[in-house]
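User: I am new to this structure and would like to learn how to read its features step by step. Could you take me through them, giving the general idea before each case?

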Amino acid sequence: MAAGQGVPQGPMPLPGVAHVVAVGSGKGGVGKTTVAVNLAVALAKMGYSVGLIDADIYGPNVPMMLGVTRQPNVVGENRIEPILSHGVKFISVGLISPGDKPMVMRGPMLHQIIRQFLQQVEWGNLDYLVVDLPPGTGDVVISLVQTVPLTGAIVVSTGSSVALQDARKALEMFHQVKVDVLGMVENMSQMRMPDGSMLDVFGAGGTERTAAQFGLEFLGSVDMDPSIRKGGDTGMPVALAGRGSALGGAFYEVADKVIAAAEKVGNEDVVEIS
């Protein structure tokens, strides 16, 4: 057999991209995309070059959360220019097929889209490429790890036992595909009431306990607040308000720990699920 023929091609690093970080969850409705978008914006505000792939093919919400409706430009030969919003370069099926039209496709088509988003988009030089995964443990994750080596993954959950049951499946999925888990984030942890007291809606602290159980870093918690929802609905993520803001500050704390964890990958002290 001639050299190079019949040899399966494994995941190949993206030229100019230092870190690829996947953001996943075991189930929908826990605010995974909210965390991914605000993490990307926080990293950009901190001075890093950041890209964001909306790999949630069936529910591509990133364009709305970043306030963009226009389609990306095609440059050169089958190359796509990502959209720039709030300092973040991003791509999404929602830009190509906007509105209420559903994306109905099987596994091979999903794989092709993920490869295109990774390899045919003009990302340039990036410090971080954040990938917002669909909920669950399906084909998109397999396509991602087969295409590009990941720095690691973040698992988002609420503190409820139901959400954490599925989050543990996501942790095991990343373990099976040999992707380091950088840590867990608890979203919608508590809600501040008008009198200043905190209402425990979904079981605050459950995610931190789960992270400790698996020997993982707890990256932080984000409280439940209407302003976070409004920021996503209007294309103005709360992280735009900066590190010192009451709500956006939580995403900067998560970003700090993600940076530290990403830089440790490959060292002996990186913790894996056992």
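Analyst: Let us begin with the idea of a pocket, which is an open set of grid points with protein on both sides within 12 Å along at least five of seven lines, and whose volume is the space filled by probe spheres set on the points. Please keep in mind that this is a predicted model. Here the largest pocket holds about 410 Å³ of space.

User: Which residues lie nearest the centre of the largest pocket, and how many line it?

Analyst: The lining is made up of 25 residues, and those nearest the centre are G31, T34, M65, N187 and R229. By class, nine of the lining residues are nonpolar, nine are polar and seven are charged.

User: Which helix gives the largest share of that lining?

Analyst: Helix 8 does, with five residues; at least two residues each come from helix 1, helix 2 (62-65) and helix 8 (226-234).

User: How is a pair of aromatic rings described?

Analyst: Such a pair is described by the distance of the centres and the angle of the planes. A search of the whole structure finds one aromatic pair. The ring centres of Y48 and Y128 are 5.6 Å apart and their planes stand at 85°, so the pair is edge-to-face, given that angles over 60 degrees count as such. Because Y48 sits in the loop between helix 1 (32-45) and strand 2 (50-54), while Y128 belongs to strand 7 (residues 126-132), the pair ties together parts that are 80 residues apart in sequence.

User: Is Y128 buried or exposed?

Analyst: Y128 is buried, at a relative accessible area of 3%, whereas Y48, at 29% relative accessibility, counts as partly exposed.

How values were computed: Residues are numbered from 1 along each chain as its sequence is written. This is a predicted model: local features need pLDDT of at least 70, side-chain atom pairs count only at pLDDT 80 or more; totals for chains, interfaces and linings use all residues. Side-chain values use heavy atoms; hydrogens and water are left out. Rings of Phe, Tyr and Trp (its six-membered ring) pair if their centres lie within 6.5 Å; planes under 30 degrees apart count as stacked, over 60 as edge-to-face and the rest as tilted. Helices (H or I, at least four residues) and strands (E, at least two) are DSSP runs, numbered from the N terminus. Buried means under 20% relative accessible area, exposed over 50%, partly exposed in between (1.4 Å probe, protein chains only). On a 1 Å grid over the protein atoms alone, a cavity is a set of points where a 1.4 Å probe fits but cannot get out, and a pocket is an open set with protein on both sides within 12 Å along at least five of seven lines; lining residues have an atom within 4 Å of a point. Ala, Val, Leu, Ile, Met, Phe, Trp, Tyr, Cys and Pro count as nonpolar, Asp, Glu, Lys and Arg as charged, and the others, Gly among them, as polar.
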